[in-house]
Amino acid sequence: MSALHAARLVEALREQTAGFSRAVAGGDPEAKVPTCPEWRLSELVGHIGQAHRWAAGLVRLKGAPLPVPDPREAVPGEPGAWEEWLRAGAEELIAAVGEAEEGSQVWSVVGPMPPVFWLRRMFCDTAVHHYDAAATTGAAYEISGDLAAEVLTEGMQIVATPEAAAFLPRLAELRGGGERLGVRPDGMAGWLVTRTPEGPRWERGRSDGDVVVSGPVDECMLVFARRIPPRDVSGDRALLDHWLAHTAF
């Protein structure tokens, strides 16, 4: 499922949660998040801490889904307490995954999966929202190349899973007739997505396509997370725009 082993995913969740905490430190809780304009900064903080705890609950419940929490109902406390509250949520998820029975399966948007699915999903979600926090407060944003590549891969895997379209009906619009979308990051193997009548298919190692996005891997990640516009696109831009419009989750 993941190119990264579980220990690296633990590191990744801790690293991005800590980076998110630094980015929101000293920020105005009422500030609008420019990349998620429906949220204030305090709600973005609430979402991250709440999501980590929600995922921990899913792991502990094994096969049962839980209602998706509303970040407006989260209680992250005063800004001075945000860092510890965020760290505790990440550690709760890490502990839940570490304590899960070997071979167990848990609920996910793509069907039953090993508990590590939620460790990876929450790391990826935190990595993208770390950028949102930085964009709000003006903090620096950093993510290593292997982690940015993992965020890209996870997103492609989810949208290419048939069960995901049942959870997110707009993904059904990604079916097609062989159109190809390539991602060509600097200095590493690329990705190729092919739209088929049954749904998208993806592969690693190729980056030729009817449209190709190129650039540093962290920038490619943020383009496909719909956080920044692409700087280097060749080919059918409408194909890229259609993909981005239907892959928000």
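Helix H3 (residues 82-99) has 18 residues, which at 1.5 Å a residue should span 26 Å, and its end C-alpha atoms are 26 Å apart, in agreement. The expected span is 1.5 Å times one less than the number of residues. Helices are DSSP runs (H or I, at least four residues), numbered from the N terminus. This is a predicted model: local features need pLDDT of at least 70, and side-chain atom pairs count only at pLDDT 80 or more. Residues are numbered from 1 along each chain, and side-chain values use heavy atoms, without hydrogens and water.

**Buried face of H3**
- Trp82, Trp85, Leu86, Gly89, Ala90, Leu93, Ile94, Ala96 and Val97 are the buried residues of H3 (under 20% relative accessible area, 1.4 Å probe, protein chains only).
- These buried residues pack against helix H1 (6-24), helix H2 (41-61) and helix H4 (116-137).

**H1 against H3**
- The two helices pack at an angle of about 165°, with axes 9 Å apart.
- H1 is therefore roughly antiparallel to H3 (an angle over 145 degrees).
- On the H1 side, the contact is made by Val10, Leu13, Arg14, Thr17, Phe20, Ser21 and Val24 (heavy atoms within 4.5 Å).
- H3 contributes Trp82, Glu83, Leu86, Arg87, Ala90, Glu91, Leu93 and Ile94.

**Glu43 in H2**
- Glu43 lies in helix H2.
- Glu43 is buried, with a relative accessible area of 9%.
- Glu43 touches Glu38, Pro71 and Arg72, not counting residues up to four places away in sequence.

Key: Buried means under 20% relative accessible area, exposed over 50%, partly exposed in between (1.4 Å probe, protein chains only). Axes are lines fitted to C-alpha atoms, for helices over the stretch in contact, and angles run from 0 to 180 degrees between N-to-C directions. Angles under 35 degrees count as roughly parallel, over 145 as roughly antiparallel, 65 to 115 as roughly perpendicular and the rest as oblique.
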